[in-house]
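Please look at the sequence and the model first, then read the points below.

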Amino acid sequence: LNKTINIIDELNKKHNKNLVVSSIIPTLFDKRSKVCKDYLKEMKNDFTPLVVTEPIRMNSKLKEAPRRKKSIFNYAKKKEKQLVNSVGNIENEIRK
């Protein structure tokens, strides 16, 4: 994440722009993984106001959908509700 912020800073300097990171949406989260838990904790500690939602969890359907050339909404109807709720929560947090 720090690398991304550094890249944005470089782009701003090079192109005289004013790009900013307004929100962070943790994705590909596996609650069984210590690494994922550690990264999420670090994100929340370092970027609290920017982390706008609980992480979007990784699952096999998210991995398979692109290989099938489908969106997750077309590929995994059961996961659609969870993702729609997550997107709705994200949208509400960003608008605050």
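A polar contact here is a pair of N or O atoms within 3.5 Å; within protein, one atom must be able to donate a hydrogen and the other to accept it, and residues adjacent in sequence count only if both atoms are side-chain atoms. By that rule, the side chains of R32 and D30 make a polar contact at 2.9 Å. The model is predicted: local features need pLDDT of at least 70 and side-chain atom pairs count only at pLDDT 80 or more, while totals for chains, interfaces and linings use all residues. Residues are numbered from 1 along each chain as its sequence is written, and side-chain values use heavy atoms, with hydrogens and water left out.

**Overall build**

- The protein has 5 helices and 0 strands, where helices (H or I, at least four residues) and strands (E, at least two) are DSSP runs numbered from the N terminus.
- Along the sequence, the pattern reads α-α-α-α-α.
- Of the 96 residues in the protein, 22% are buried; buried means under 20% relative accessible area, exposed means over 50%, and partly exposed lies in between (1.4 Å probe, protein chains only).
- The protein exposes about 7800 Å², and carbon and sulfur atoms supply 51% of that area; accessible areas come from the Shrake-Rupley method with a 1.4 Å probe, and for residues only the protein chains shown count as cover.
- Taking contacts (heavy atoms within 4.5 Å) between residues at least 6 apart in sequence, 49% join residues at least 24 apart.

**The largest pocket**

- On a 1 Å grid over the protein atoms alone, a pocket is an open set of points with protein on both sides within 12 Å along at least five of seven lines, whereas a cavity is a set of points where a 1.4 Å probe fits but cannot get out; lining residues have an atom within 4 Å of a point.
- The largest pocket holds about 280 Å³ of space; grid points are joined across faces, edges and corners, and a volume is the space filled by probe spheres set on the points.
- Its lining consists of 14 residues, with L1, C36, Y39, L40 and M43 nearest the centre of the pocket.
- Helix α2 (residues 34-46) gives the largest share of this lining, 6 residues.
- By type, the lining of the largest pocket has 10 nonpolar, 2 polar and 2 charged residues; Ala, Val, Leu, Ile, Met, Phe, Trp, Tyr, Cys and Pro count as nonpolar, Asp, Glu, Lys and Arg as charged, and the others, Gly among them, as polar.

**The loop between α1 and α2**

- R32 is found in the loop between α1 (2-15) and α2, and R32 counts as exposed because its relative accessibility is 70%.
- N16 lies in the loop between α1 and α2, and its phi is near 55°, a positive value in a residue other than glycine.
- With a relative accessible area of 71%, N16 is exposed.
- S23 also has its place in the loop between α1 and α2, and S23 is partly exposed at 21% relative accessible area.
- S23 and L50 are 27 residues apart in sequence, and their C-alpha atoms are 4.5 Å apart in space.

**Residues in other elements**

- N12 sits in helix α1 and is buried because its relative accessible area is 13%.
- Not counting residues up to four places away in sequence, N12 touches K17, N18 and L19.
- K69 is found in the loop between α3 (60-67) and α4 (72-75), with a phi near 60°, a positive value in a residue other than glycine.
- K69 is exposed, at a relative accessible area of 77%.
- N92 lies in helix α5 (residues 77-95) and counts as partly exposed at 47% relative accessibility.
- N92 and T53 are 39 residues apart along the chain, and their C-alpha atoms are separated by 9.7 Å.
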